[in-house]
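Hello,

Here is the structure I promised to pass on to you.

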Amino acid sequence: MAETKFLLPEDAIPRRWYNIQADLPNAPQPILHPGTGQPIGPDDLAPLFPMALIGQEVSQDAEVDIPEAIRDVYRLWRPTPLYRAHRLEQALGTRSRIFYKYEGVSPAGSHKPNTAIAQAYYVKQDGRRRIATETGAGQWGSAVALASQLFGLECKVYMVKVSYQQKPYRRSMMQTWGAEVVASPSEDTNAGRGILADHPDSPGSLGIAISEAVEDAATREDTAYSLGSVLNHVLMHQTVIGQEAIAQLEQAGAYPDLVVGCVGGGSNFAGLTFPFLREKIAGRDIDVLACEPAACPTLTRGPFAYDFGDTSQLTPLVPMHTLGHDFVPAGIHAGGLRYHGMAPLVSQLVVDDLIDAEAYNQNEVFASAVQFARSEAIIPAPEAAHAIHATIKAAREADEEGRERTILFNLSGHGHFDLGAYDAYLAGDLEDFELPDEEIERALKAIEPLPKPAGVAG
Ligand SMILES: Cc1ncc(COP(=O)(O)O)c(C=O)c1O
């Protein structure tokens, strides 16, 4: 049998992040100040982010050097392995070749530390001593707790209440790395108290938790805010994934014609696919597919519009696909994909038809996750299982058409803290949520008064 794992030495950890902004055929539209409607500048962001990250956010350089102190931490688990999914291929009886990049080997269990480590480094360099952040599934909060610990920073995590209840051990993990964790909406912020007053039983959402963390950071000088996805610099930090994958596929003597990632805010998808999109933009023929839950179908059913990144309207206006900032998705088990918006860079790629998007129900996603666990052995995070499902579906379709494809997907994390969800699936208790059009229309009323992106009818 051909090789199963493709490994790289530590000195093959990339020395630069790839910034897709330099190569996009159309630059994303500017982020706007909600008060003035004008593009925001560095000074508007300075209370929340270190200047180095603000610089990266707007950088047009194709490559940005990775400081050695960050590469030194990456050495703890990078380069991550690339696998050829021989056993899944056999189980499917497919003619296609399937590869996956496994980010679950990081200490926190996902791709999230790739940017958490970078962000903590720059916060420390900036002279601040504390980070406030939110977490959905708990993966991001764990990554920030770890990164804060390694760079000697305090950390406070606002954890979406439904995840806080579903995943008590994620909380334990964050506390073990020294972070303070509260269920969001919480009594600790004006945003949280406001939501609780109107909806005492609110399950929380990423939009609400972001409001709390932003308020925390904006009201304390010693504190930076840290976001786990969506922003340009966050997506750029993740590109170590795709760069390594390109080198590993070379070892395997393969090149993908389909690259797949799940999308919550877009960061693991970007991390794997942007280095391949660089080649696509230069003329190579590659399909790129983003997958999301049918219960939170931002790319497949949300309009491209200006919207707030959070529920309480504290953030600037972001040009993105959105379901409306007060949309609260059903409490599905892929907590990390329950976000109303999308990274502007990912949305721009959809607008420019460089990538496709599909949405799936959670029962079909878990069926694919279990098939994967029973063939490839790794128990995937429910978020990553969307990419597995897309891959299996694409391989089946290729077989029906008599095609042989080479498919690469991002296995963005393991599911060791998601076994409650597996229990529910195995017991037949998992519900699919068909989102009615009226619910989307209702939620989108919230963005009607906001400015419209150029080229979009008002
Ligand atoms: C394992 C895993 N995959 C994917 C995601 C989705 O986030 P993003 O779209 O930023 O990669 C999350 C978010 O928490 C996650 O934990």
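Predicted model: local features only at pLDDT ≥ 70, side-chain atom pairs only at ≥ 80, totals over all residues.

Five of the five residues of β10 (residues 258–262) are buried, so the strand is largely enclosed by the rest of the structure.

Which strands does β10 pair with? One is β11 (residues 287–293), which runs parallel to β10 and is joined to it by five bridges. Within that pairing, valine 260 sits opposite leucine 289 of β11. To get from β10 to β11 the chain passes through helix α13 (residues 267–281), and this β-α-β crossover is right-handed.

Another partner is β15 (residues 406–411), again in the parallel sense, with three bridges to β10. Here valine 259 stands opposite leucine 408 of β15.

**Proline 453**

I also looked at proline 453, which you will find in the segment after α19 (437–444). Is this proline buried or exposed? Its relative accessibility is 1%, and buried means under 20%, so proline 453 counts as buried. Setting aside neighbours within four places in sequence, proline 453 is in contact with Gln29, Phe304, Ala305 and Tyr306. Tyrosine 169 is 284 residues from proline 453 along the chain, and the C-alpha atoms of the two are separated by 42 Å.

Best wishes

Technical notes. Residues numbered from 1 in each chain as written. Heavy atoms only, no water. Buried < 20%, exposed > 50% of the residue type's maximum accessible area, 1.4 Å probe, protein only. Helix = DSSP H or I, 4+ residues; strand = E, 2+ residues; numbered from the N terminus. Pairing = 2+ DSSP bridges. Right-handed = clockwise from strand over helix to strand, strands pointing away. Contact = heavy atoms within 4.5 Å.
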